[in-house]
Amino acid sequence: MIFLLLIYAFVLIINVPGLIKRKEWRELAVFSVFYVIAFALGLMYVLDIPIPSPMKGLQHLIVDIFGLEYPK
Amino acid sequence: MSIEKGKISNQQLLFLVAGFVLGSVLLVDFTVGITEHQTWMVILAGLAITAPVILSYVVLAKKFPGMNLVQINDMVYGRFLGKVISIYYIFFFSMTLSFNIRDVGELYITFLMQDTPFIFFLIVFTATCAYAVSKGIEVLARVSHLFVVSGLFVIVSAFTLLIDQMDFSNFLPFFELPFIRIFQGIHIVSVIPYGETVVFLMIMGCLNKTDHAVKKTFSGLLIGAVSLLIVAVRNTAVLGRTQTIWTSTSFQSIRLINIGTVLTRMDFLIGIAQTILIFFKCSLFFYALVVALSQLFGLKSYLPLVLPLAGIEVIIAATVFQSPVDHAMITLNAGIIYSAPLIFVFPPLSLLIAKIRGLPKLERGKGI
């Protein structure tokens, strides 16, 4: 948990001051969105909260709904 | 506006393509379970089927010089539909990158360092890829020939050291398997090692000259395809019918090297080569992912997205599949089906629409 927080703090320190200094607000906004997603996923992983797999949903869509599957 | 300012030469493109296809050597194992001793046929058939599609990628890149896939989609399909297709591509890049990162973790956890936590491999490997991507495509292109040469050296030397253990009757009988299994094998091979070269539509915009792009791309593709063929032939000739029961046929065949009890247990060699080659492939996918997202959001640089996306990819790679079996099952069905339109339909269709609409000259005439 501490290791995870250290990594995320490091990412903030590397990116944010430069973006603010150069007044790149759009870059800062997009960075913030992805940073929050990464932080939330990291926290869920560390706290053992189940993370839905996009491929499971895709498998359900392709195999169960569209019926596209190679015979076993 | 282009995100990447760096330029690469045609010669570097050759090594980028060769290194990228070589990065899929480990994934030959996906096909072996289905096509058994006829894997070599499937690799050749996959190359023949994918060649015209890859030609369409290069022609499309030459038609829109200096532009990447997201820009091409916007121009060909319009702003709304173009962005929808670009998001589909971004999902493909993201998922494929996470699968490849997971492949490295599974390789180490199964064969090399069983007691190390799985997440540790994913974090270290992804951080290295993020570092490479932050240096830009020029740096990756400059070191590509080193990766290709080292990968080829391992593949050729392993083949040579195993010659005394090869039994070429293992390839018989030809055409034994039912057509549907051969078809699925060709589908896997044409999507995974060859079709994934669609990622080069994000890179070919950086070419300084597009004169010999077709020749160099196909030379690189041929180097990669021959390497895949050597690996498939080696595994079948050495392991025969037993190759379908091993988790990794390449590792199993390399373990059989025994030259005077001095040169034995050389599986670490294939571990090093695989790590280098998958690192190269992942770096190219990561680069394509961050550039595509930056282009989509209209950013000046892709650098602010590198580290947050690395964090997201690590967690996706760690949680997307429950086990290597789950990984293989989903990839061999849903994985190759959802990516087929991105590889076989959209690029040739974009080229056709561009021809019909007279793009990009028409757009330039309008002053857009």
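This is a predicted model: local features need pLDDT of at least 70, side-chain atom pairs count only at pLDDT 80 or more; totals for chains, interfaces and linings use all residues.
Q: Why is Ala213(B) called buried?
A: Buried means under 20% relative accessible area. Ala213(B) has a relative accessibility of 1%, so it counts as buried. This residue lies in helix H9 of chain B, which spans residues 213-239.

Q: What makes Asn10(B), Leu13(B), Val58(B), Lys62(B) and Leu207(B) contacts of Ala213(B)?
A: Contact requires heavy atoms within 4.5 Å. These residues touch Ala213(B), with residues up to four places away in sequence not counted. Ile245(B) is 32 residues from Ala213(B) in sequence, and their C-alpha atoms are 41 Å apart in space.

Q: Which residues of H3(B) and H8(B) meet, and how do they divide by class?
A: On H3(B) they are Val42(B), Ile43(B), Ala45(B), Gly46(B), Leu47(B), Ile49(B), Thr50(B) and Ile54(B); on H8(B) they are Ile182(B), Gly185(B), Ile186(B), Val189(B), Ser190(B) and Tyr194(B). The contact of H3(B) with H8(B) has 10 nonpolar, 4 polar and no charged residues. Gly counts as polar in this scheme.

Q: What makes H6(B) roughly antiparallel to H12(B)?
A: Helix H6 (residues 118-134) and helix H12 (residues 303-319) of chain B pack at about 155 degrees, their axes 9 Å apart. Angles over 145 degrees count as roughly antiparallel, so H6(B) is roughly antiparallel to H12(B). H6(B) passes H12(B) in a right-handed crossing.

Q: What residues make the contact of H6(B) with H12(B), and what are their classes?
A: H6(B) contributes Phe118(B), Ile119(B), Leu122(B), Ile123(B), Thr126(B), Ala130(B), Val133(B) and Ser134(B), while H12(B) contributes Leu303(B), Val306(B), Ala310(B), Val314(B), Ala317(B) and Ala318(B). By class, this contact has 12 nonpolar, 2 polar and no charged residues.

Q: How do you know that chain A and chain B are in contact?
A: With heavy atoms within 4.5 Å as the criterion, 30 residues of chain A are in contact with 39 residues of chain B. About 3000 Å² is buried between the two chains, and carbon and sulfur atoms give 78% of that area. In chain A, Phe34(A), Met55(A) and Tyr70(A) lose the most area to chain B, together 27% of what that side buries.

Key. Residues are numbered from 1 along each chain as its sequence is written. Chains are lettered from A and ligands numbered from 1 in the order in which they are written. Side-chain values use heavy atoms; hydrogens and water are left out. Helices (H or I, at least four residues) and strands (E, at least two) are DSSP runs, numbered from the N terminus. Buried means under 20% relative accessible area, exposed over 50%, partly exposed in between (1.4 Å probe, protein chains only). Buried area is the accessible area (1.4 Å probe) that two parts lose on being put together, summed over both. Axes are lines fitted to C-alpha atoms, for helices over the stretch in contact, and angles run from 0 to 180 degrees between N-to-C directions. Angles under 35 degrees count as roughly parallel, over 145 as roughly antiparallel, 65 to 115 as roughly perpendicular and the rest as oblique. A crossing is left-handed if the near helix is turned anticlockwise from the far one by less than a right angle, and right-handed if clockwise.
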